[in-house]
Amino acid sequence: MGSVKLNEAVSADQPCLRRLDGKSIRRSSASGKSQTTTVASLEALLKLEIQSVHISPLKPRAHRIAALTALPTSEAERISEVVSDGMLPTVRQALSTNRFWTACHTKEFEKALLATMAMMEPKEPIPLAGFIEQTLFEATCFSLLGPTFQASRWYHDYARVSSSLPSLRTGFGELISWRPWITDLDVARARLMKSLVAYLEEWWYADGLDRIQGISPLMEGVIKIAKEEELGVEQTSAILLLLIWESVQSISLTAVLLFSHLLSDSEAYAAISQEVR
């Protein structure tokens, strides 16, 4: 069978890996500070799955936050702790099946998705993956943040950062962030963060007495928790970016594969077209 690679989420210190024999796992290091663990046997993979309760998501999430935002590692780790301890219970509750439907999240998302597709007028053909990512990004931002965040204006910056995330999360990511020159990635990441800070600032410095127009109850709860935890406006903006990125990425790949299948299989395309009609 093929092997499965795991990043920093699984370190040599994890109890579930300490109990596996050396033939079942292989470890390699891309730099002095990161390690890749390869699970090379089915038995080891099953044991890892059973015992994965011991694996903490704090460090991998902190790495994602640092890569998305260019915030220092110490700030990213603090944000990751607040997300785990204070926000995930709220997010899980809000996205549970009953609450998700009754809160009309899907209706807002659907309206935003249709509006985004209707307004897109590309001057030349665009890849299917890019079309799906853009529509999902703009619809997600509208349904979560409301109309005051102009998602269409910031999509290209988001796409630049998102496409670079795998390399930024490798062992060389810290070296990249310390380079002495400024790249288009640095500019895109800075603009994206500034756009979210600007979105929050008026509400933030009004001590929460006002309400952001159109913001979803989910995101309103998130920013209130951030303020209660005494995070800054930039750190809270990082949380918004993380949640948007995870929302888009969680369905974009599945959507690309589904649409690719429908477009390449004439029978499936005809069947779904007939069903829609």
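Colleague: Is Arg160 buried, exposed or partly exposed?

Modeller: Arg160 is partly exposed, because its relative accessible area is 28%. Buried means under 20% relative accessible area, exposed means over 50%, and partly exposed lies in between (1.4 Å probe, protein chains only).

Colleague: What should I know about the model before reading on?

Modeller: This is a predicted model, where local features need pLDDT of at least 70, side-chain atom pairs count only at pLDDT 80 or more, and totals for chains, interfaces and linings use all residues. Residues are numbered from 1 along each chain as its sequence is written, and side-chain values use heavy atoms, with hydrogens and water left out.

Colleague: Which side chain meets Arg160 in a salt bridge?

Modeller: Start with the idea. Side chains of opposite charge can pair when their charged atoms come close. The rule here asks for a side-chain nitrogen of Lys or Arg within 4 Å of a carboxyl oxygen of Asp or Glu. Asp184 is the partner of Arg160, at 2.9 Å from N to O. Helices are DSSP runs (H or I, at least four residues), numbered from the N terminus.

Colleague: How many salt bridges are there by this rule?

Modeller: The count is six. Among them is the pair of Glu246 and Arg64, with the closest N and O atoms 3.1 Å apart. This pair links distant parts of the chain: Glu246 is in helix H12 and Arg64 in helix H3 (residues 58-69), 182 residues apart. Glu246 is partly exposed at 28% relative accessibility. Arg64 counts as buried, at 16%.

Colleague: Where do Arg189 and Asp186 lie?

Modeller: Both are in helix H10, three residues apart, about one turn of the helix. Arg189 is buried, with a relative accessible area of 6%.

Colleague: How do I read a pair of aromatic rings?

Modeller: Rings of Phe, Tyr and Trp (its six-membered ring) pair if their centres lie within 6.5 Å; planes under 30 degrees apart are stacked, over 60 edge-to-face, and the rest tilted. The whole structure holds five aromatic pairs. In one of them, Phe137 and Tyr155 have ring centres 5.9 Å apart and planes at 50 degrees, so the pair is tilted. Phe137 sits in helix H7 (residues 128-145) and Tyr155 in helix H8 (residues 151-168), 18 residues apart.

Colleague: Which residues do ring pairs link into a cluster?

Modeller: Phe137, Tyr155 and Tyr158. Phe137 is buried at 1% relative accessible area, Tyr155 is buried at 6%, and Tyr158 is buried at 1%. Tyr155 and Tyr158 form a tilted pair, 6.5 Å centre to centre with 35 degrees between the planes. Both lie in helix H8, three residues apart.

Colleague: What makes the nonpolar surface patch?

Modeller: Patches are made of residues with over 30% relative accessible area and no salt bridge; like charges are joined within 9 Å, nonpolar side chains (Val, Leu, Ile, Met, Phe, Trp, Tyr) within 5 Å. Here Leu258, Phe259, Leu263, Tyr269 and Ile272 make a patch of about 490 Å². Helices H12 (233-264) and H13 (266-276) each give two or more residues. H12 gives the largest share, three residues. Leu258 lies in H12 and is partly exposed at 47% relative accessibility.

Key: Areas by Shrake-Rupley, 256 points an atom, 1.4 Å probe, with all protein chains shown as cover.
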